[in-house]
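These are my notebook entries on a structure that is new to me. I record what I looked up, beginning with the chains and ending with the places where they meet.

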Amino acid sequence: MRTGHAVESYDRLIALSTNPVTWAWTAVLLAGLVMLPLMLSGPMLAMMTSVLIAAVGAIGLNVLTGTTGLISLGQSGFLAVGAYACGLLIRDLSVPAVLAIPLAGLITGLASLLIGIPTLRLKGLYLAITTLAASFIIIHIIKHAAALTGGPFGLRIPQVTVLGLPIGNGPGMYYIALTAVVLVVLFVNNLMRSRSGRAWVAIREHDIAARSMGIDIARYKLLAFFVSSTIVGIAGALMALQLRFITADVFGLFLSIEALAMLLVGGVGSVAGAVLGAVFIVFLPEMARALLALFTSAGETGSALVFEIRIVVTGALIILMLRLEPDGLMGLWRKTKRYWLQWPLPV
Amino acid sequence: MDYLLNLVASGLVFGSLYGLVAIGFAVIYKTTGVVNFAQGEVMMFVLYFAWMVGSFVDAPLWMLLVIAIVFGSLFGAVLERLFIRPMLGKSQFPIIMTTVGLAIMLRGLVPIFWGVDSAPIEAPIKSQLWQFGPVFLLGDQVFALVVFLLVSAATWGFFRFSRVGIAMRAAAHDETAALLMGINVRRLQGLSWMIASAVSGVAGVCYALIIARAPDMWHIGFQAFPAAILGGLDAPLGAAFGAAVVGIVASLSEGYIGYGLKEISGFIIIIAILMVRPYGLFGEKELERV
């Protein structure tokens with residue numbers, strides 16, 4: 001493990017990572033992820049696909065909430081826009097799925113500007129309430145525009161392929177989602193070390209100071225809204241392709257809260273944290289069930305109230321993380337690393 | 001005309017339910033600067049507990065209200081002490097997320113403790129029919145309206161005349177100055193949670209009387225949001241007035257425009273209000289200094 005960090009040129013300062021060890025481990029992780037379908041059974045692979053899709057959504061939300069500091073409780077609304085846009089593009093307009101996914105993201109990004117522009121003046125609490133209200137309105141429109149979206153009967157997406165990979169619950173969908181995650185991680189990590197990324201962090205830290213440094217707040221806030229929602233829309237499109245049947249009820253309020261829980265658990269503001277949080281939160285119901293099974297015989301109490309147990313555990317986790325480790329798993333990792341490097345000196 | 005009046009009356013009845021919850025929002029926000037996203041869930045939890053205790057002793061309606069108020073204030077004090085006080089002084093995001101986490105915990109705990117079935121609360125008052133001109137109201141609806149008016153008046157009187165209420169206003173206006181004048185601000189913040197939870201308990205009783213006790217009662221918390229925002233989050237009486245407006249608008253839009261608008265009209269009001277007057281009709285404008 002390296003013990004010091006000094007860079008001598010600007011190029012190296014803004015490089016994705018200057019550390020060959022990081023690159024090596026990333027390559028190992030990627031190779032492992034590519035090999036995964038060879039080792040896992042059907043349901044486990046479907047779960048890993050969900051993890052990857054959740055990671056895309058969490059990275060998207062992180063751009064808005066973690067990096068720019070604009071709290072959004074309306075994630076589920078944007079996921080719904082992306083999912084329905086993708087589904088309708090494929091079903092009604094016969095757009096090839098490989099184009100439908102980015103297009104659905106773009107449509108969601110543009111739709112988010114409708115909410116972003118009037119809420120530019122708001123921040124903190126009021127923005128959270130507005131985005132919450134917006135998500136309720138979006139879901140309401142989807143439910144009642146039955147001619148377009150099927151309303152309460154839902155939307156069924158025909159079996160199509162993305163570059164030869166079949167959608168649904170199989171290795172094909174896994175590779176589609178994995179590609180999306182890799183592209184989004186690269187895109188956001190690159191964006192974070194660009195002018196826009198630094199502007200967003202400045203707005204989060206102190207918007208008035210950022211303004212006086214010459215950052216056009218309105219423009220960069222809207223850009224954050226657009227980029228974040230585009231990524232979230234892509235996550236929604238992937239959800240639609242995985243489920244192949246969507247109704248408005250899939251996109252409940254709990255989905256928004258779960259997305260924020262992913263950020264809090266992983267560590268607000270970092271891409272790696274968002275991915276870690278997604279892994280943790282998607283596997284949380286399974287872990288809770290395993291834990292319950294230890295105390296009760298074969299987990300018979302848990303069977304009827306699975307959803308209730310899941311939301312109680314998620315709520316408790318949010319509160320515990322905020323209280324004990326506000327920087328999330330990434331914070332814990334940084335602390336451990338620093339402790340290790342500095343030992344025996346105090347941190 | 002009769003149709004319009006009846007819609008307005010039913011809007012007022014729902015507005016009074018929203019209003020009781022919205023007063024809870026406003027009391028907490030005024031003294032602590034925290035928006036309690038768990039207000040609807042607190043209401044549900046307090047009502048379920050009161051109903052459980054009440055069904056042991058076969059309690060009449062007034063006793064149910066008393067149980068809800070007593071348990072509500074205890075529950076509020078415990079929640080504040082355990083969850084909110086350790087978070088004070090942190091930034092907006094962790095505090096909001098703490099109340100959100102609390103909300104979904106309570107939402108899951110109610111069905112785990114008391115089951116998922118819904119049932120109305122029976123009381124002799126429900127079978128009465130009141131007539132005001134062309135408007136007909138059931139006894140439980142009149143009850144909710146009267147309770148709402150009483151609670152609003154009590155809230156106004158409390159903040160206007162009582163020593164504690166005035167201290168709360170002082171603490172809300174300038175926390176440091178209030179501290180220097182010898183006001184125990186922390187205790188007031190605990191008290192505001194007690195008041196808010198007790199009022200939500202009352203709201204829960206009215207709700208269960210008119211509709212039913214059900215594990216999705218917490219929805220009314222979101223319906224009360226627009227009311228609190230419209231009236232101004234830091235103005236309890238404004239929140240009560242906002243609730244009446246939101247209730248009437250919801251009822252009229254559903255009656256004249258289309259089914260399903262009742263749930264959504266409040267959120268459209270929120271977005272409109274936040275664009276024009278983010279601090280509400282009666283709230284104080286916040287000045288931001290560098």
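How many helices and strands does chain B have? I found eleven helices and two strands in chain B, where helices (H or I, at least four residues) and strands (E, at least two) are DSSP runs numbered from the N terminus.

Before going on, I note that this is a predicted model, in which local features need pLDDT of at least 70 and side-chain atom pairs count only at pLDDT 80 or more, while totals for chains, interfaces and linings use all residues. Residues are numbered from 1 along each chain as its sequence is written, and chains are lettered from A and ligands numbered from 1 in the order in which they are written.

**Entry: chain B**

I read the order of elements along chain B as α-α-α-α-β-β-α-α-α-α-α-α-α. I then looked up the radius of gyration, which is taken over C-alpha atoms, with a globule rule of 2.2 Å times the number of residues to the power 0.38. For chain B the value is 19 Å, close to the 19 Å that the rule gives for 290 residues, so chain B is as compact as a globular protein of that length. Its C-alpha trace spans about 55 × 45 × 35 Å along the principal axes.

I counted a residue as buried if 20 or more other C-beta atoms, placed from the backbone, lie within 10 Å of its own. By that count, 55% of the 290 residues of chain B are buried. For contacts, I required the C-beta atoms of two residues, placed from the backbone, to lie within 7 Å. Of the contacts in chain B with a separation of 6 or more, 75% are between residues 24 or more positions apart.

**Entry: chain A**

I found 15 helices and four strands in chain A. The C-alpha atoms fill a box of roughly 65 × 55 × 40 Å along the principal axes. Buried residues come to 45% of the 347 in chain A.

**Entry: a helix pair within chain A**

I looked up helix 3 (residues 42-67) and helix 11 (residues 217-243) of chain A, whose axes come within 7 Å and cross at roughly 165°. That makes helix 3 of chain A roughly antiparallel to helix 11 of chain A (an angle over 145 degrees). Among the residues that meet are A:Ile53 and A:Val56 in helix 3 and A:Ile231 and A:Leu238 in helix 11. The residues of this contact divide into 15 nonpolar, five polar and no charged. Here Ala, Val, Leu, Ile, Met, Phe, Trp, Tyr, Cys and Pro count as nonpolar, Asp, Glu, Lys and Arg as charged, and the others, Gly among them, as polar.

**Entry: where chains A and B meet**

I found 34 residues of chain A in contact with 32 residues of chain B. Helix 6 (124-144), helix 12 (253-266) and helix 14 (306-324) of chain A each give two or more residues to the side that touches chain B. Helix 6 of chain A gives the most, with twelve residues. By class, this side of chain A has 25 nonpolar, six polar and three charged residues.

I also looked up one helix pair across the two chains. The axes of helix 14 of chain A and helix 4 (residues 92-114) of chain B come within 8 Å and cross at roughly 155°. These two helices are therefore roughly antiparallel to each other. The residues of their contact divide into 16 nonpolar, five polar and two charged.

How values were computed
Axes are lines fitted to C-alpha atoms, for helices over the stretch in contact, and angles run from 0 to 180 degrees between N-to-C directions. Angles under 35 degrees count as roughly parallel, over 145 as roughly antiparallel, 65 to 115 as roughly perpendicular and the rest as oblique. A residue is buried if 20 or more other C-beta atoms lie within 10 Å of its own, exposed if 12 or fewer, and partly exposed in between; C-beta atoms are placed from the backbone.
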